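Here are my notes on this one, jotted down as I went through the model. Have the viewer open while you read.

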Amino acid sequence: MATALLAVVLGLAACDSRNISELEEGVATEADVRARFGQPENIWDAPGGRVFEYNRQPAGQKNYMITIGADGKMSALRQVLTPENFAKVKPGLMMEDLRKLLGKPAKVTPYALKRETEWEWRWVQPPNSPMVFTATLNDDQRVVRSGSSPDRGTEAP
């Protein structure tokens with residue numbers, strides 16, 4: 001089972017690298033993006049266009065946001081699970097804004113008695129440390145705390 005999961009993760013990473021290298025900002029069209037990445041997980045409205053979310057959770061450690069401008073051309077392709085984006089996750093941030101910033105989480109765990117829900121994303125801290133970023137939301141769907149820790153699920157027993 002672990003070998004099969006590893007094969008899927010490595011295959012996905014190889015496909016993403018090839019697909020990304022074939023797309024050029026300002027040249028690639030929405031059709032090119034869809035041909036390389038398929039149907040987006042979500043489509044967000046953004047100033048001057050739309051953002052396509054391509055989620056690689058829970059098996060992968062990346063999430064991509066690809067911006068398509070009003071002209072139908074790709075204007076940006078970003079891997080969003082980064083320390084820079086995690087630093088933007090502050091108490092009070094709304095759930096919808098968190099989702100638009102980081103994409104769909106790998107895991108959502110409700111804690112009914114605490115009246116909180118944890119969202120987790122798997123990511124890689126350079127150069128090669130598997131990590132988990134966790135954001136805890138309250139009943140008002142606002143972040144109350146967040147942070148990263150080593151991804152124990154990827155370490156050998």
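How many salt bridges does a search of the whole structure find? The answer is 11, taking a salt bridge as a side-chain nitrogen of Lys or Arg within 4 Å of a carboxyl oxygen of Asp or Glu. A few of them come up below.

1. Ground rules. This is a predicted model, so local features need pLDDT of at least 70 and side-chain atom pairs count only at pLDDT 80 or more, while totals for chains, interfaces and linings use all residues. Residues are numbered from 1 along each chain as its sequence is written, and side-chain values use heavy atoms, with hydrogens and water left out.

2. Overall layout. The protein chain has four helices and eight strands, in the order α-α-β-β-β-β-α-α-β-β-β-β from the N terminus. Both kinds of element are DSSP runs numbered from the N terminus: helices are H or I with at least four residues, strands are E with at least two.

3. Burial and surface. Of the 157 residues in the protein chain, 36% are buried; buried means under 20% relative accessible area, exposed over 50%, and partly exposed in between (1.4 Å probe, protein chains only). The chain exposes about 9000 Å², with carbon and sulfur atoms supplying 56% of that. Those areas come from the Shrake-Rupley method with a 1.4 Å probe, and for residues only the protein chains shown count as cover.

4. Contacts along the chain. Take contacts (heavy atoms within 4.5 Å) between residues at least 6 apart in sequence: 37% of them join residues at least 24 apart.

5. The sheet to look at. Strands β5-β6-β7-β8 form, in that order, an open four-stranded sheet with antiparallel pairing; two strands pair if DSSP finds at least two bridges between them. β5 (107-111) and β8 (143-150) are the edge strands, each pairing on one side only. From one strand to the next, the twist averages 20 degrees. Between β7 (residues 129-138) and β8 there are seven bridges, in the antiparallel sense, and M131 has P150 in β8 as its bridge partner.

6. What lies across it. Helix α4 (residues 95-102) lies across β6 (116-125), β7 and β8, at about 15 degrees to β6. Axes here are lines fitted to C-alpha atoms, for helices over the stretch in contact, and angles run from 0 to 180 degrees between N-to-C directions.

7. D151 deserves a click. D151 sits in the segment after β8 and is buried, at 5% relative accessibility. Leaving aside neighbours within four places in sequence, D151 contacts R122, P130, M131 and V132. D151 also forms a salt bridge with R122, the closest N and O atoms being 3.0 Å apart. R122 lies in strand β6, so the pair ties together parts 29 residues apart in sequence. R122 is buried too, with a relative accessible area of 18%.

8. E53 and R99. Their side chains meet in a salt bridge at 3.2 Å, N to O. The pair links distant parts of the chain, with E53 in strand β2 (residues 49-55) and R99 in helix α4, 46 residues apart. E53 counts as buried at 0% relative accessibility, and R99 is buried with a relative accessible area of 16%. Salt bridges with shared partners join E41, E53, R99 and K104 into one network.

9. A local pair. E30 and R34 form a salt bridge, with the closest N and O atoms 3.0 Å apart. Both lie in helix α2 (residues 30-37), four residues apart, about one turn of the helix. R34 counts as partly exposed, at 26% relative accessibility.
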